[in-house]
Amino acid sequence: MTDVKPGSHPRHALEPLLTSPVRLSVVAALAPLGKAEFAFVRDLVEVSDSVLSKQVAALEEAGLVAVEKGRVGRRPRTWLRLTDAGREVYARHLTALRAIAGA
Amino acid sequence: MSEFADATEALGRSLRLEKAARRGSDWYLRYLAVFAAAQLVLVPAVLLGHDTWVMPAALGLYVVAVAGLSVYATRQRSVRRRFGVRHTVTVAVWGLLYAATLALGFTAFPDSAGFTAVAAVVCSVPLAVGAWLERRQGA
């Protein structure tokens, strides 16, 4: 029988929080940006406000995304930003995905 | 679906979204392109029209352009990474070149069409380079 070292498969390096397609999409959309408006991410990921709110709350709780509220003129705006920790986790997750896909 | 297919699909989706996010935030490229093109008109207007109504009109246009572009910038829905640093460097280089060309144009080369043409191009270069870098980053 072949000896399999526990934890050696790249799947173990995947971030559990990012195995959700919507959460991964939110993080991917924020990755090249300094910050983005909530509606910009919603339109890009193609989800409803409530779905995005829920997923962003989970990412914020894990420290991967920061949420800032502000105003432009009289219009309230919510900005989303990937934290440094979020960038690290996303990079690790992509590396693991590449290893699994053999890319 | 296999683990391999899942990973390939997730990777592809992530890269597509990153690209779409970059494309959706290329407003700064347009901002710099407009400002670079404006130099080719405004710098000659200031250097050659200093004794006429053209110079104050050009300075007024500068104020309108900068204010308009600033409002345009604050209304954008996304900002690329390290935008603050890149914008500060671009505007600082442009500001130094603009001040230097005006100083030389008014003292060493007054009413020189040749110098004015060079000055207009020199002032537009940092903005055009900034626009090119933005475009390259968004590709």
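Reader: How many of the 10 residues of helix H1 of chain A are buried?
Author: This is a predicted model; local features need pLDDT of at least 70, side-chain atom pairs count only at pLDDT 80 or more, and totals for chains, interfaces and linings use all residues. A residue is buried if 20 or more other C-beta atoms, placed from the backbone, lie within 10 Å of its own, exposed if 12 or fewer, and partly exposed in between. H1(A) is largely enclosed by the rest of the structure, so the buried count is eight.

Reader: Which residues of H1(A) are buried?
Author: Residues are numbered from 1 along each chain as its sequence is written, while chains are lettered from A and ligands numbered from 1 in the order in which they are written. Helices (H or I, at least four residues) and strands (E, at least two) are DSSP runs, numbered from the N terminus. On that basis the buried residues of H1(A) are Arg23(A), Leu24(A), Ser25(A), Val26(A), Val27(A), Ala28(A), Ala29(A) and Leu30(A).

Reader: Is Val26(A) buried or exposed?
Author: Val26(A) sits in helix H1 of chain A. It has 29 other C-beta atoms within 10 Å, so Val26(A) is buried.

Reader: Which residues is Val26(A) in contact with, beyond four places in sequence?
Author: Two residues are in contact if their C-beta atoms lie within 7 Å. Leaving aside neighbours within four places in sequence, the partners of Val26(A) are Val41(A), Val45(A), Gln55(A), Val56(A) and Leu59(A).

Reader: Which elements do the buried residues of H2(A) pack against?
Author: Those buried residues are Phe40(A), Val41(A), Arg42(A), Leu44(A) and Val45(A). They pack against elements of both chains: H1, E1, H3 and E3 of chain A together with H1 and E1 of chain B.

Reader: Which residue just after H2(A) takes a positive phi?
Author: The place is just after the helix. The angle is about 60°, and the residue is Glu46(A).

Reader: How far apart in space are Leu17(A) and Ala62(A)?
Author: Leu17(A) lies in the segment before H1 of chain A and touches Arg23(A), Ala58(A), Leu59(A), Ala62(A) and Leu64(A), not counting residues up to four places away. Leu17(A) has 18 other C-beta atoms within 10 Å, so it is partly exposed. Leu17(A) and Ala62(A) are 45 residues apart in sequence; C-alpha to C-alpha, the distance is 8.5 Å.

Reader: Which residue of E1(B) stands opposite Lys35(A)?
Author: Two strands pair if DSSP finds at least two bridges between them. Three bridges join E1(A), residues 33-37, to E1(B), and the strands run antiparallel. Leu33(A) stands opposite Arg80(B), whereas Lys35(A) faces Val79(B).

Reader: Which residue of E3(A) stands opposite Glu37(A)?
Author: E1(A) and E3(A) also pair, in the antiparallel sense, over two bridges. Opposite Glu37(A) is Trp79(A).

Reader: Which element supplies the largest share of the side of chain B that touches chain A?
Author: 24 residues of chain B are in contact with 22 residues of chain A. The chain B side has nine nonpolar, six polar and nine charged residues. Here Ala, Val, Leu, Ile, Met, Phe, Trp, Tyr, Cys and Pro count as nonpolar, Asp, Glu, Lys and Arg as charged, and the others, Gly among them, as polar. The largest share, 14 residues, comes from H1(B).

Reader: At what angle do the axes of H4(B) and H5(B) cross?
Author: Axes are lines fitted to C-alpha atoms, for helices over the stretch in contact, and angles run from 0 to 180 degrees between N-to-C directions. The axes of H4(B), residues 83-107, and H5(B), residues 113-138, come within 9 Å and cross at roughly 175°.

Reader: How is H4(B) oriented relative to H5(B)?
Author: Angles under 35 degrees count as roughly parallel, over 145 as roughly antiparallel, 65 to 115 as roughly perpendicular and the rest as oblique. That crossing therefore makes H4(B), relative to H5(B), roughly antiparallel.
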